[in-house]
Amino acid sequence: MTPSPEFIVRAYYLAWTDQDFERAISYMSFDVRWTMHIDPDIVSFAGQSVGRQAILERMRGYAQHFELIGFKILSLAVEAETVRAFVHGDYRHIASGQVLDLAIRHVFTLADHHIVACDEYQDGGRIRAFMALVSPPSKTTF
């Protein structure tokens with residue numbers, strides 16, 4: 001039996017929830033494109049990554065700064081090989097202990113039973129404000 005696009009996306013999310021990055025990227029094509037539509041100057045792991053290895057490095061970079069403490073799929077809509085998802089995640093900023101709660105929209109494109117692309121949309125202003133809150137104040141000379 002061939003896995004459906006919904007099954008693949010749900011399996012990816014389960015791997016993400018478990019923070020099993022190797023398993024998460026196994027649901028992706030080797031030349032997958034992942035675009036987090038936030039300026040990389042807000043968080044270093046934003047922007048576009050291409051290929052499983054680049055995405056694995058991005059996930060590991062994320063895990064250096066944030067601990068996933070809760071994740072829930074709020075909705076999934078499937079149309080052929082496109083899966084649109086709305087999810088909620090609670091993430092603890094490791095350095096400060098502060099919790100960032102995020103509503104995230106994903107648009108997955110699948111082909112040959114793998115994720116070939118994902119566009120991720122978050123509230124960039126919210127993340128920028130959170131990062132300003134948890135970042136050490138800059139030193140100035142008077």
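The following paragraphs describe a predicted model of a protein chain, from its overall fold to selected residues and the contacts they make.

The protein chain contains 4 helices and 6 strands. Read from the N terminus, these elements follow the order α-α-β-β-α-β-β-β-β-α. The radius of gyration is 16 Å, close to the 14 Å given by the globule rule for 142 residues, so the chain is as compact as a globular protein of that length. Along the principal axes, the C-alpha trace spans about 65 × 25 × 25 Å. Of the 142 residues, 41% count as buried. When contacts between residues at least 6 apart in sequence are considered, 50% of them join residues at least 24 apart.

The chain carries 13 positive and 17 negative side chains, with the centres of the two sets 5 Å apart.

Some of these charged side chains pair with one another, and the structure holds 9 salt bridges. One of them is formed by Glu 22 and Arg 60, at an N to O distance of 3.0 Å. Glu 22 belongs to helix α2 (residues 21–25) and Arg 60 to helix α3 (residues 52–65), so this pair ties together parts that are 38 residues apart in sequence. Both partners are partly exposed: Glu 22 has a relative accessible area of 47%, and Arg 60 has one of 42%.

Another salt bridge connects Arg 33 with Asp 119, whose closest N and O atoms are 3.3 Å apart. Because Arg 33 lies in strand β1 (residues 28–36) and Asp 119 in strand β6, the pair ties together parts 86 residues apart in sequence. Arg 33 is partly exposed, with a relative accessible area of 26%, whereas Asp 119 counts as buried at 16% relative accessibility.

A further salt bridge is made by Arg 128 and Asp 39, with 3.9 Å between the closest N and O atoms. Arg 128 is located in helix α4 (residues 124–134) and Asp 39 in the loop between β1 and β2 (47–50), so parts that are 89 residues apart in sequence are tied together. Arg 128 is partly exposed, with a relative accessible area of 40%, and Asp 39 likewise counts as partly exposed, at 46%.

Glu 120 presents another case. This residue is placed in strand β6. Glu 120 is buried yet has no salt bridge, and the nearest side chain of opposite charge, that of Arg 58, is 5.5 Å away. Leaving aside residues up to four places away in sequence, Glu 120 touches Trp 34, Thr 35, Met 36, His 37, Ile 104, Arg 105 and His 106.

Most residues other than glycine have a negative phi. Ala 80, although not a glycine, has a positive phi of about 60 degrees. Ala 80 sits in the loop between β3 (66–79) and β4 (82–93) and is exposed, with a relative accessible area of 62%. His 113 also has a positive phi, near 65 degrees. The place of His 113 is the loop between β5 (99–111) and β6 (114–121), and at 43% relative accessibility this residue counts as partly exposed.

Notes: Residues numbered from 1 in each chain as written. Predicted model: local features only at pLDDT ≥ 70, side-chain atom pairs only at ≥ 80, totals over all residues. Heavy atoms only, no water. Helix = DSSP H or I, 4+ residues; strand = E, 2+ residues; numbered from the N terminus. Rg over C-alpha atoms; globule rule 2.2 N^0.38 Å. Buried < 20%, exposed > 50% of the residue type's maximum accessible area, 1.4 Å probe, protein only. Contact = heavy atoms within 4.5 Å. Lys, Arg positive; Asp, Glu negative; His and termini not counted. Charge placed at Lys NZ, Arg CZ, Asp CG, Glu CD. Salt bridge = Lys/Arg side-chain N within 4 Å of Asp/Glu carboxyl O.
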